[in-house]
Amino acid sequence: MAGVVRESAVRESAVRESAVRESAVSAVLDLAAAQKALHAQPFSRLVQARITEFGHGAATLEIDIREELRQQHGFVHGGVLSYAADNTLTFAAATALGPAVVTGGFSIQYLRPAVGRTLRARAEVVQAGRRQAVCRCDLTVIGAEGEESVCAVAQGTVLPLNGPAGDNGEG
């Protein structure tokens, strides 16, 4: 019985710690702050990316498809898809880990050519701890009539830049 009580107390403590961490992160990073952080990235300005949703373990990034973002066959270049996945994964993870994060690694699978008017990347946290967050991202293209089709999927690991969440690097 003591083991069950102790296990329950540990779970409750972990839930409280997670809620406190998420509350602290959301106080620092909201949609406006995420948009400002995105705009501070020169490459994001170059591709004219915008964050349209941010918070509660998820983020959405959109890019209007322009001629200069296409490859020789007329599809959105794979590098643009990778950029969108990478950045959206890190923004989703930032909702759990705080604003100072970097990509530890990610993989992307291209499913079909990206052709449409808008590229949308939606990422969500699958699991977050103190030292990393694992996130997944669906990349879709939105056509002229508003229809969406998945063109790629990605999964990645994101790390806090200065150690575990809440660690300011001191001590």
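Ser82 is situated in helix H4, where helices (H or I, at least four residues) and strands (E, at least two) are DSSP runs numbered from the N terminus. The structure is a predicted model, in which local features need pLDDT of at least 70 and side-chain atom pairs count only at pLDDT 80 or more, while totals for chains, interfaces and linings use all residues. Residues are numbered from 1 along each chain as its sequence is written, and side-chain values use heavy atoms, with hydrogens and water left out.

With a relative accessibility of 17%, Ser82 counts as buried; buried means under 20% relative accessible area, exposed over 50%, and partly exposed in between (1.4 Å probe, protein chains only). Apart from neighbours within four places in sequence, Ser82 is in contact with Phe106, Ile108 and Tyr110, contact meaning heavy atoms within 4.5 Å.

Helix H4 also meets another helix. Two packed helices are described by the angle between their axes and the distance between the axes. The axes of H2 (residues 31–39) and H4 (residues 78–97) come within 12 Å and cross at roughly 140 degrees. H2 is therefore oblique to H4. Here the axes are lines fitted to C-alpha atoms, for helices over the stretch in contact, and angles run from 0 to 180 degrees between N-to-C directions. Angles under 35 degrees count as roughly parallel, over 145 as roughly antiparallel, 65 to 115 as roughly perpendicular, and the rest as oblique.

The crossing of H2 past H4 is right-handed; a crossing is left-handed if the near helix is turned anticlockwise from the far one by less than a right angle, and right-handed if clockwise. H2 contributes Ala34, Ala37 and Leu38 to the contact, and H4 contributes Tyr83, Asn87 and Phe91. By class, the contact of H2 with H4 has five nonpolar residues, one polar and no charged.

Attention now turns to charged side chains. Side chains of opposite charge can pair when their charged atoms come close. The structure holds nine salt bridges, each being a side-chain nitrogen of Lys or Arg within 4 Å of a carboxyl oxygen of Asp or Glu. In one of them, Glu148 pairs with Arg120, and the closest N and O atoms are 2.9 Å apart. This pair links distant parts of the chain, with Glu148 in strand S6 (residues 148–160) and Arg120 in strand S4 (residues 118–128), 28 residues apart. Glu148 is partly exposed at 39% relative accessibility, whereas Arg120 is buried, with a relative accessible area of 16%. Both residues belong to a network of salt bridges that links Arg50, Glu62, Asp64, Arg120, Arg122 and Glu148.

Further salt bridges include that of Arg70 with Glu67 (3.6 Å, N to O). Arg70 is partly exposed, with a relative accessible area of 26%, and Glu67 is exposed at 61%. Arg136 and Asp138 form another, their closest N and O atoms being 3.1 Å apart. Arg136 is partly exposed at 34%, and Asp138 is likewise partly exposed at 25% relative accessibility.

Two loop residues remain to be described. Gln48, although not a glycine, has a positive phi of about 60 degrees. Gln48 is placed in the loop between helix H3 (42–47) and strand S1 (50–55), and is partly exposed at 47% relative accessibility. His56, also not a glycine, has a positive phi of about 55 degrees. The loop between S1 and strand S2 (58–64) holds His56, which is exposed, with a relative accessible area of 77%.

Technical notes: Nonpolar A, V, L, I, M, F, W, Y, C, P; charged D, E, K, R; others polar.
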